[in-house]
Amino acid sequence: MVKINGEEYQYDNKQLTAVLEELNYDQTRIAVEINEEIVPKVCYDATVLKDGDIVEVVSFVGGG
Amino acid sequence: MTPTRDEFYNALIERHGAENQKKFDGATVAICGLGGLGSNIAICLARAGVGKLILIDFDKVDISNLHRQQYKADQVGMPKPEALSNNLKEINPYITIETHNVKVTEENVIELTKDADIVCEAFDKAENKAMLVNAILENAPEKYILSSSGMAGFGSANLIKTKKISKRFFLSGDSVSDVNDGIGLLSSRVMVCAAHEAHMALRILMGEATV
């Protein structure tokens, strides 16, 4: 079980890129932290979620 | 008559306390984007007596900016860093300001913000916000990064909040109100969000990195 933005998902052993696609995130507008550590964009493909991971996906909207 | 430096700082000390004022005075904050968010953040920080601001924007003041950004009608056409610097110096003549009239990119952001203790993201476009936040978190983990997302529209100001995402990353806004949904930008709501970001910057400088 992993937690993404406070909600639990059965995404153990799943690639981060696949998870972001499944949850419909636009990869050009997000920052992802796993257990409070930033995941560099170039590492999304190589990152695999594991049981207990706390994931924060910050998805930005326009305006400023 | 313009107050002397001592008079100016004594008045700030009276409001903030000597210990806090020393921290503000010794701090450098970079503001990336000088629109509705950035120009208002800069004014809050200059009034509080933050010692140095790094102001970065590639754009010029446009008539369409005047409804929410801290520029004056006679500044239309001026580069934003220069115009804002002039306005800030009128408020606080003793602040140190570094201006950069360039577009912030992944390539130049670390060099532009190298002297900053805190980086304030104050862009308009979601992709640029994401680029800056990722760049700082990945390459300058010793800095604080404050960002804003979701301040468009005429909705309640009470929906705008600041969240601590991780140790050095704070996000202000309602997270959802996107200007691209055609809901406009209202000066008061953008200013609330800018004040959240500026307030978080000052709290961090005081040693209170909590929301």
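Visitor: What should I know before I start?
Guide: Residues are numbered from 1 along each chain as its sequence is written, and chains are lettered from A in the order in which they are written. The model is predicted, so local features need pLDDT of at least 70, side-chain atom pairs count only at pLDDT 80 or more, and totals for chains, interfaces and linings use all residues.

Visitor: How do strands pair in a sheet?
Guide: Strands pair through backbone hydrogen bonds, either parallel or antiparallel. Here, seven strands of chain B form an open sheet, ordered E3-E2-E1-E4-E5-E7-E6, with mixed pairing. Strands are DSSP runs (E, at least two residues), as are helices (H or I, at least four), numbered from the N terminus. Pairing takes at least two DSSP bridges.

Visitor: Which are the edge strands?
Guide: E3 (96-100) and E6 (161-166) of chain B; each pairs on one side only.

Visitor: How many bridges join E6(B) to E7(B)?
Guide: Five, and the two strands run antiparallel. B:Lys164 has B:Phe170 in E7(B) as its bridge partner.

Visitor: At what angle do H3(B) and H4(B) pack?
Guide: Angles run from 0 to 180 degrees between N-to-C directions, with axes fitted to C-alpha atoms, for helices over the stretch in contact. H3 (residues 36-48) and H4 (residues 80-91) of chain B pack at about 25°, axes 10 Å apart. That makes H3(B) roughly parallel to H4(B) (under 35 degrees).

Visitor: Which residues meet there?
Guide: Contact means C-beta atoms, placed from the backbone, within 7 Å. Among them, B:Ala42 and B:Ile43 in H3(B) meet residues of H4(B) including B:Leu84 and B:Leu88.

Notes. Parallel < 35°, antiparallel > 145°, perpendicular 65-115°, else oblique. Contact = placed C-beta atoms within 7 Å.
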